[in-house]
Amino acid sequence: MSSSNGPRSLRLVFLFGIVLASKVLSCPPNCTCQYLEVNCTGKQLQEYPLTIPLDTRQLILAANNISYLPSVELNFLTDLVYLDCRENHIGEDLGFTFISVVKLVYLDLSANNLTRVTFTSFSQLTNLVVLKLSDNPNLVEIEKDSFANNSWLRHLDVSRTGLTFLDTSTVSDLPNLKSLGLSGNPWNCSCSFLEFSIWIKESGLNFPDAENISCYSPSELRGWPVPDVETQLHYICLTHLYQWDYIFLGLVGFCIFSAGTLAAWLAGICAVLYEFHTATGEDDADEDEEEEASTYH
């Protein structure tokens, strides 16, 4: 009994060693790998590591020098639910980068070099709950339908970017959104910003660091808290007229007056000509009658 169990135990230990060795060998150099997690934080990586175990569910690539996420290699990780790529140099177009990691719930791309977000950036991430895009100073555009497929999104952070405008429907159409980071952006509080400022005031969402959500332009509104700028924008955009508005209205009035005066002048000339023509016709008729009468006599 013991003799038969001995070889079986050795085989089990040997198989376990092989499995363990395969896990260790598949771990990227200088990274830490444990059950379903790969952590490469601060390892000065220049590229995305290619030897990541395929069953990885949590991948941390924070604080490196990665500038590109290869979609093919990344999308082998079909069980990935957590991806942390903060503090890198990722700046390429993210269109269809995450096409197969559909289980992803948490994505951190903060402190990178992103410039714009489009519909194709995250359209495949239908289970996404947390998305962090903060501290991307070159991020100047988020297209209107960028998050149209991310209906489970609860936490979105676009703080400290280069955004000056955000279409209201981009965030108002997210039914499960609870927290929205908007602070530290150079918001342009022009008339087109009025709808967004009203939504911020009435949405009931949690806005972290809300005291730093303020206008950067125009200069007369710089420093105004965005939730409080609604009244001022109403005054500027709906009731207040600038100098050029008065000039425009003056020109319109002058044109109307000139057109009316010209029309009256032309009407007067036409009336005079008509009366003159009528009087001339009557005189000719009288002369004809007189000539006929003298002929008969």
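Four disulfides are present in this structure, which is a predicted model. When the bonded cysteines of the protein chain are numbered in sequence order, their pairing reads 1-3, 2-4, 5-7, 6-8. Alongside these links, the model holds six salt bridges and a largest nonpolar core of 59 residues.

**Disulfides**

- C27 is joined to C33 by a disulfide with an S to S distance of 2.0 Å, and the angle of 85° about the S-S bond makes this link right-handed.
- C191 and C237 form a disulfide in which the sulfur atoms are 2.1 Å apart, and with -100° about the S-S bond the link is left-handed.
- Because C191 lies in the loop between β11 (187-188) and α5 (194-202) whereas C237 belongs to helix α6 (residues 230-239), this pair ties together parts that are 46 residues apart in sequence.
- C191 is partly exposed, with a relative accessible area of 43%, and C237 is likewise partly exposed, with a relative accessible area of 24%.

**Nonpolar core**

- The largest nonpolar core has 59 residues, and those with the most contacts inside it are F98, L107, L109, F122, L133, L182 and W187.
- The elements that give two or more residues to this core are α5 and α6, and the largest share, four residues, comes from α5.
- When residues up to four places away in sequence are not counted, F122 touches L94, F98, L107, L109, V117, L131, L133, F147 and N150.
- As a general background to such a grouping, nonpolar side chains in soluble globular proteins tend to be buried together.

**Salt bridges**

- The side chains of R116 and E143 meet in a salt bridge with an N to O distance of 2.6 Å, and this pair links distant parts of the chain, with R116 in strand β6 (residues 116-117) and E143 in the loop between β8 (141-142) and β9 (155-157), 27 residues apart.
- R116 counts as partly exposed at 35% relative accessibility, as does E143, with a relative accessible area of 28%, and a network of salt bridges links R116, E141 and E143.
- D135 and R160 have side chains that meet in a salt bridge at 2.8 Å, N to O; because D135 lies in the loop between β7 (130-132) and β8 and R160 in the loop between β9 and α4 (168-172), the pair ties together parts that are 25 residues apart in sequence.
- D135 is partly exposed, with a relative accessible area of 30%, and R160, at 37% relative accessibility, also counts as partly exposed.
- K201 forms a salt bridge with E230 in which the closest N and O atoms are 3.8 Å apart, and this pair too links distant parts of the chain, K201 being in helix α5 and E230 in helix α6, 29 residues apart.
- E230 counts as buried, at 16% relative accessibility.

- D93 has its place in the loop between β4 (82-84) and β5 (106-108), and at 52% relative accessibility D93 counts as exposed.
- D93 and R116 are 23 residues apart in sequence, while their C-alpha atoms are 7.6 Å apart in space.

Note on methods
Residues are numbered from 1 along each chain as its sequence is written. This is a predicted model: local features need pLDDT of at least 70, side-chain atom pairs count only at pLDDT 80 or more; totals for chains, interfaces and linings use all residues. Side-chain values use heavy atoms; hydrogens and water are left out. A disulfide is a pair of cysteine sulfur atoms within 2.5 Å. Buried means under 20% relative accessible area, exposed over 50%, partly exposed in between (1.4 Å probe, protein chains only). A nonpolar core is a set of buried Ala, Val, Leu, Ile, Met, Phe, Trp, Tyr and Cys residues joined through side-chain atoms within 4.5 Å. Contact means heavy atoms within 4.5 Å. A salt bridge is a side-chain nitrogen of Lys or Arg within 4 Å of a carboxyl oxygen of Asp or Glu.
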